[in-house]
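User: I would like to go through this protein and ask what stands behind the words used for it. Please set each value against its cut-off.

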Amino acid sequence: MYEIELKARVKNKEETTHIINSFATQKNHITRHDVYWILNINSQPPVIVRIREEITENENITKQIFVTYKRKKLQFDTTNKAIEVNEEFECIIHNRKSFETILEDSGYSKYLSKNKTVDSWKYGKANIELCTIDTLGDFLEIEILSKKNDEKTVLMHRKELLHILTKSGLHHNDIENRYYSEMLKNIKKEQKNV
């Protein structure tokens, strides 16, 4: 399965929440704590595995631990704004420590961590998430899952993603091309240089 998604910076979270509530169906409030493990920092692209602890609040509160590996690719439009087309491999684990031991013994090391609070909605085929990420701020993520990632399919979904972005009160210029891990890595470097 492929994730075709874009993310955009949000200047006014309250206003954006109000707009999305007017057209989409709210699903959950989610808290995510991600730890990224890297195999070889010098390879291009490096091999990164994410372990995510996720707490979902709706009628019940559930906690799950996901292991995710993504084959990531950015596709740029004529204005140099990107959407992500990721092939995602994910499973649920029940014993985090055991899996971390396997990673360590396989040569992986902890790379980055990220805390994220999310309000999620559903609109048509799209999942919409309004996210607050520690040290980075607020972002809108819009994602459509697809069995295919050919040019025609990606273009069709890009149009839908951009339509939902505009419907949410944001603009093409708000799109963020960088991955969160890249932004966090830059902050980490800046903090070392201070």
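User: What percentage of the 194 residues of the protein count as buried?

Analyst: The model is a predicted one. In it, 43% of the 194 residues count as buried. The word is used for a relative accessible area under 20%.

User: How many helices and strands are there, and in what order do they run?

Analyst: There are four helices and nine strands. Starting at the N terminus, the order is β-α-β-β-β-β-β-α-β-β-β-α-α.

User: How do you know that the span of helix α3 agrees with its number of residues?

Analyst: Helix α3 covers residues 151–167, which is 17 residues. The expected span takes 1.5 Å times one less than that number, and this gives 24 Å. The C-alpha atoms at the ends of α3 are 24 Å apart, so the span agrees.

User: Which residues of α3 are buried, and what puts them on the same side?

Analyst: The buried residues of α3 are Thr153, Val154, His157, Arg158, Leu161, Ile164 and Leu165. They cover an arc of only 130° around the axis, and therefore lie on the same side of α3. An α-helix has 3.6 residues a turn, so residues three or four places apart point the same way. The cover over the buried residues of α3 includes strands β1, β6 and β9. On the face turned away from the buried side are the exposed residues Lys152, Lys159 and Thr166; exposed stands for over 50%.

User: What is found at the start of α3, and what follows the helix?

Analyst: At the start, a side-chain oxygen of Asp150 comes to within 3.2 Å of the backbone nitrogen of Lys152. After α3 comes Gly169, which has a positive phi, near 90°.

User: Why is Asn28 called buried, but His172 partly exposed?

Analyst: Asn28, in strand β2, has 16% relative accessibility. The cut-off for buried is under 20%, so Asn28 counts as buried. His172, in the loop between α3 and α4, has 25% relative accessibility.

User: What makes the pair of His172 and Thr79 a polar contact?

Analyst: The side chains of His172 and Thr79 make this contact at 3.5 Å, and the cut-off is within 3.5 Å. His172 also touches Asp77, Lys81, Leu162 and Leu165. His172 and Lys81 are 91 residues apart in sequence, yet their C-alpha atoms are 7.7 Å apart.

User: Which backbone atoms does the side chain of Asn177 reach?

Analyst: Asn177 is in the loop between α3 and α4. A polar atom of its side chain lies 2.9 Å from the backbone oxygen of Asn80. The side chain of Asn177 also reaches the backbone nitrogen of Ala82, at 2.7 Å. Beyond its neighbours within four places in sequence, Asn177 has contacts that include Leu74, Phe76 and Lys81.

How values were computed: Residues are numbered from 1 along each chain as its sequence is written. This is a predicted model: local features need pLDDT of at least 70, side-chain atom pairs count only at pLDDT 80 or more; totals for chains, interfaces and linings use all residues. Side-chain values use heavy atoms; hydrogens and water are left out. Helices (H or I, at least four residues) and strands (E, at least two) are DSSP runs, numbered from the N terminus. Buried means under 20% relative accessible area, exposed over 50%, partly exposed in between (1.4 Å probe, protein chains only). The arc is that of the directions from the helix axis to the C-beta atoms. Contact means heavy atoms within 4.5 Å. A polar contact is a pair of N or O atoms within 3.5 Å; within protein, one must be able to donate a hydrogen and the other to accept it, and residues adjacent in sequence count only if both atoms are side-chain atoms.
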